[in-house]
Amino acid sequence: MDTIFIDQLAIDTVIGLYDWERRIRQRVILDLEMTFDIREAAATDDVAKTLDYKAVAKRVIAFVEASEFDLVETLSEGIAALILDEFPVDRVTLRLDKPHALRGAKGVGIRITRERSQ
Ligand SMILES: Nc1nc2c(c(=O)[nH]1)N=C([C@H](O)[C@@H](O)CO)CN2
């Protein structure tokens with residue numbers, strides 16, 4: 001299966017456990033890999049036949065900007081669920097980096113893979 005990806009999508013949101021984190025917006029960086037068969041789009045040169053990465057990015061940005069979760073786990077599951085619910089994707093791998101969360105580290109975060117349930 002083919003993959004359509006979005007790399008290093010930077011979004012500011014309320015995320016974190018601590019009181020000071022509830023009062024500010026912090027940057028999260030997303031890498032998304034979504035399985036999609038591109039052959040029909042390639043044969044027709046028609047964006048309507050593919051997974052429009054701009055439409056995915058717009059929807060993910062709106063969700064993340066409006067969210068106020070404590071954990072990166074909850075935010076990541078929410079993003080994966082909305083992609084599988086709203087777009088023709090059977091499998092999504094998502095890496096979420098919270099770059100300013102841990103002094104001394106370039107970043108922290110998680111990577112998850114979720115599939116559409118049959
Ligand atoms: N597994 C996790 N550990 C931690 C999280 C998290 O979301 N998942 N969050 C925090 C704090 O919010 C931290 O990012 C603030 O520096 C700590 N551990």
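I'll start with I79, which, neighbours within four places in sequence left aside, is in contact with V60, F63, V64 and L94. Contact here is two C-beta atoms, placed from the backbone, within 7 Å. Before going on: this is a predicted model, where local features need pLDDT of at least 70, side-chain atom pairs count only at pLDDT 80 or more, and totals for chains, interfaces and linings use all residues. Residues are numbered from 1 along each chain as its sequence is written.

Now the core. The largest nonpolar core has 17 residues, and those touching the most other members are V28, L30, V64, I79, I83, V92 and L94. Such a core is a set of buried Ala, Val, Leu, Ile, Met, Phe, Trp, Tyr and Cys residues joined through C-beta atoms within 7 Å. Buried means 20 or more other C-beta atoms within 10 Å of the residue's own, exposed means 12 or fewer, and partly exposed is in between, with C-beta atoms placed from the backbone. Two or more residues each come from strand 2 (26–35), helix 3, helix 4 (72–86) and strand 3 (91–98). Helices (H or I, at least four residues) and strands (E, at least two) are DSSP runs, numbered from the N terminus. In soluble globular proteins, nonpolar side chains tend to be buried together.

Q8, in strand 1 (residues 3–13), is not a glycine, yet has a positive phi of about 60°. Q8 counts as exposed because it has 9 C-beta neighbours inside 10 Å. D45 sits in the loop between helix 2 (39–44) and helix 3 (53–66), and its phi is also positive, near 55°. With 8 such neighbours inside 10 Å, D45 counts as exposed.
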